[in-house]
There are 2 protein chains.
Amino acid sequence: MEVKVAIDCMGGDHGVHVTVPAALTVARADRDASFILVGRQDAIERELKRHGGEPGARISIRHTSEIVEMDESPVAAMRAKKDSSMRVAVNLVEQGEAAACVSAGNTGALMAISRFVLGMLPGIDRPAIATVLPSLKGRTYILDLGANVSCTPEHLLQFGIMCSELVSSVEGKHRPTVGLLNIGAEDIKGNDQVKGAAELMRASDLNFHGYVEGDDIYKGTTDVVVCDGFVGNVALKTSEGLAQMLATYLRQEFSRSLFSRLAGLVALPVINAFKNRVDHRRYNGASLLGLRGVVVKSHGSADAFAFGFAIRRALDEARAGVLAHITERMAAIHKNAA
Amino acid sequence: MEVKVAIDCMGGDHGVHVTVPAALTVARADRDASFILVGRQDAIERELKRHGGEPGARISIRHTSEIVEMDESPVAAMRAKKDSSMRVAVNLVEQGEAAACVSAGNTGALMAISRFVLGMLPGIDRPAIATVLPSLKGRTYILDLGANVSCTPEHLLQFGIMCSELVSSVEGKHRPTVGLLNIGAEDIKGNDQVKGAAELMRASDLNFHGYVEGDDIYKGTTDVVVCDGFVGNVALKTSEGLAQMLATYLRQEFSRSLFSRLAGLVALPVINAFKNRVDHRRYNGASLLGLRGVVVKSHGSADAFAFGFAIRRALDEARAGVLAHITERMAAIHKNAA
């Protein structure tokens with residue numbers, strides 16, 4: 001299925017040096033994907049040439065004059081920078097010129113701009129950020145990861161519904177299981193927010209598993225894990241920190257002595273297979289769910305390999321019709337309630 | 001310094017098979033430590049004998065007839081089981097017969113019983129659970145891990161003060177740095193609870209670093225990380241789940257083929273050094289802070305090696321006079337405020 005994706009080429013720590021080669025690589029592998037590269041024309045053209053590409057039918061350039069800085073206030077970025085690469089990429093989705101957009105820029109600004117330009121889907125009060133993590137059973141989706149620092153039970157229910165539709169349409173999984181993150185599996189555990197959400201989820205037509213705990217994310221107990229943005233962000237960042245520490249320790253142990261360096265050489269293919277399997281770059285690309293448009297956020301420090309996965313996520317979501325599925329589901333719920 | 005510790009021998013998944021040999025091992029290594037083993041006399045005596053030990057001046061037995069089950073309601077355990085090994089171990093601390101107690105039993109019951117029997121230290125509204133985690137720089141203390149699902153800014157300030165005193169007295173670290181767990185380092189980030197706590201911590205005499213994020217726990221950015229019990233519990237359990245998944249993957253890769261099994265043999269000493277360094281059993285033993293007595297909670301599934309670390313933590317805290325330090329600090333704060 002032919003899909004066109006707008007790419008904010010100036011966002012992230014490395015800008016065009018990462019975004020342009022990533023788009024070229026995906027374009028070469030996926031003949032039905034086309035791209036609008038948004039940003040400084042000269043910089044994008046130079047980078048295209050460096051990687052043996054050029055503008056054409058499947059790769060066009062949209063020149064913009066401004067850049068949203070990584071530490072800029074979301075409100076300032078939204079109000080003052082009408083010609084930023086981020087804003088124009090989102091505009092292209094709103095205007096129907098692109099089916100999705102991808103940015104590695106400032107998360108707060110991307111959320112504020114997307115919400116302002118695209119608006120919310122009917123029945124959804126707040127957008128949420130969802131990502132995929134590896135698990136012992138395959139893949140676990142988790143949301144929210146920081147769009148909402150405090151949520152009502154209704155918000156958590158909506159997150160569950162949106163992500164359930166995301167998983168069923170993108171992963172082709174019928175009625176994915178949904179778990180609610182809590183600090184114990186017993187009914188009496190948790191705060192009022194979580195208890196209220198559990199009640200709503202139980203009464204909904206979600207395939208609700210019940211409460212899950214932090215370790216269930218990586219055990220793969222459920223397909224979807226729902227939590228508020230504060231808790232989700234802490235869980236994700238804590239995981240990043242632990243993984244980095246373990247990787248550092250492993251490296252240190254394998255370079256401690258001549259023997260350990262030799263052992264490291266022998267074990268290299270195995271260690272590489274392991275690293276490959278848990279490579280966080282393969283999970284790059286968080287979905288901003290609830291908006292009237294597909295918006296994918298890449299990690300700011302992503303390299304071209306990682307950014308390619310964020311682009312593929314945008315293509316997958318556009319092709320799977322995630323927005324239509326969420327809209328239909330919300331309409332059905334609204335109709336039943338009326 | 002001579003210290004006597006009461007041990008709930010019946011608690012945890014393995015009861016006397018873990019608690020008794022662990023106590024024996026610590027008693028043999030630490031000649032100034034003595035123990036009151038609390039639980040079924042015949043079971044404890046049998047286990048002592050099995051490991052070449054016997055009751056004596058440094059190891060006494062206190063027979064009890066009841067056991068708090070792992071899934072029992074805390075309130076029921078507290079009210080109905082006056083002669084449980086857990087209750088009697090805590091009673092021994094209250095009566096001054098032991099300087100500390102250790103249990104691997106039901107966390108909720110241990111918290112409820114300890115709070116009821118021992119009461120709170122002056123100036124502390126709520127108890128908190130603190131533990132140590134490894135970091136790239138050494139060790140990070142984090143609290144609360146689940147005693148309080150919702151906290152006011154004042155509670156978080158008290159947690160910071162208690163843990164600061166714990167680290168300075170047990171680790172001998174002058175004015176340990178304290179970080180407040182948030183989802184961004186900028187002042188505008190976070191919910192009202194966290195913003196309020198930051199204001200209080202900034203105005204206090206804590207060595208307040210400011211906001212930290214999830215990854216800072218393992219980076220070792222601060223000595224202490226403060227959060228509410230819901231967030232802390234999720235961070236800890238998520239870490240456990242990730243570590244288990246990575247360990248499983250590593251094992252799978254090293255047993256995938258004949259070559260990888262051989263590589264695993266060669267790399268075994270290095271892998272073992274790595275495992276040893278991040279062995280969670282070395283970090284077993286969470287402190288129930290804020291009570292008028294030293295109470296240490298071991299992981300329910302701890303083996304004797306892990307349980308030994310929980311016992312050592314109880315000895316360390318009793319010897320360091322943590323309670324006196326917290327009490328003095330709170331009195332000084334109260335005096336300044338008056």
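How many salt bridges does the rule find across the interface of chain A and chain B? The rule finds 4 salt bridges there, a salt bridge being a side-chain nitrogen of Lys or Arg within 4 Å of a carboxyl oxygen of Asp or Glu. This is a predicted model, in which local features need pLDDT of at least 70, side-chain atom pairs count only at pLDDT 80 or more, and totals for chains, interfaces and linings use all residues. Residues are numbered from 1 along each chain as its sequence is written, chains are lettered from A and ligands numbered from 1 in the order in which they are written, and side-chain values use heavy atoms, with hydrogens and water left out.

**Extent of the interface**

- Chain A and chain B each bring 51 residues to the contact, where contact means heavy atoms within 4.5 Å.
- About 4800 Å² is buried between chain A and chain B, and carbon and sulfur atoms give 77% of this area; buried area is the accessible area (1.4 Å probe) that two parts lose on being put together, summed over both.
- A:I183, A:F230 and A:R277 supply 14% of the area that chain A buries against chain B, more than any other three residues.

**Polar links and composition**

- A:E253 and B:R277 form a salt bridge, with their closest N and O atoms 3.0 Å apart.
- On the side of chain A that touches chain B, the largest share, 21 residues, comes from α9(A); helices (H or I, at least four residues) and strands (E, at least two) are DSSP runs, numbered from the N terminus.

**Two buried loop residues**

- A:G15 lies in the loop between β1 (3–8) and α1 (16–29) of chain A and is buried, with a relative accessible area of 10%; buried means under 20% relative accessible area, exposed over 50%, and partly exposed in between (1.4 Å probe, protein chains only).
- B:N106 is placed in the loop between β4 (100–103) and α5 (107–118) of chain B, and B:N106 is buried at 6% relative accessibility.
- A polar atom of the B:N106 side chain lies 3.1 Å from the backbone oxygen of B:E69, and the B:N106 side chain also reaches the backbone nitrogen of B:G108 at 3.1 Å.

Terms used. Polar contact = N/O pair within 3.5 Å; in protein donor to acceptor, adjacent residues only side chain to side chain.
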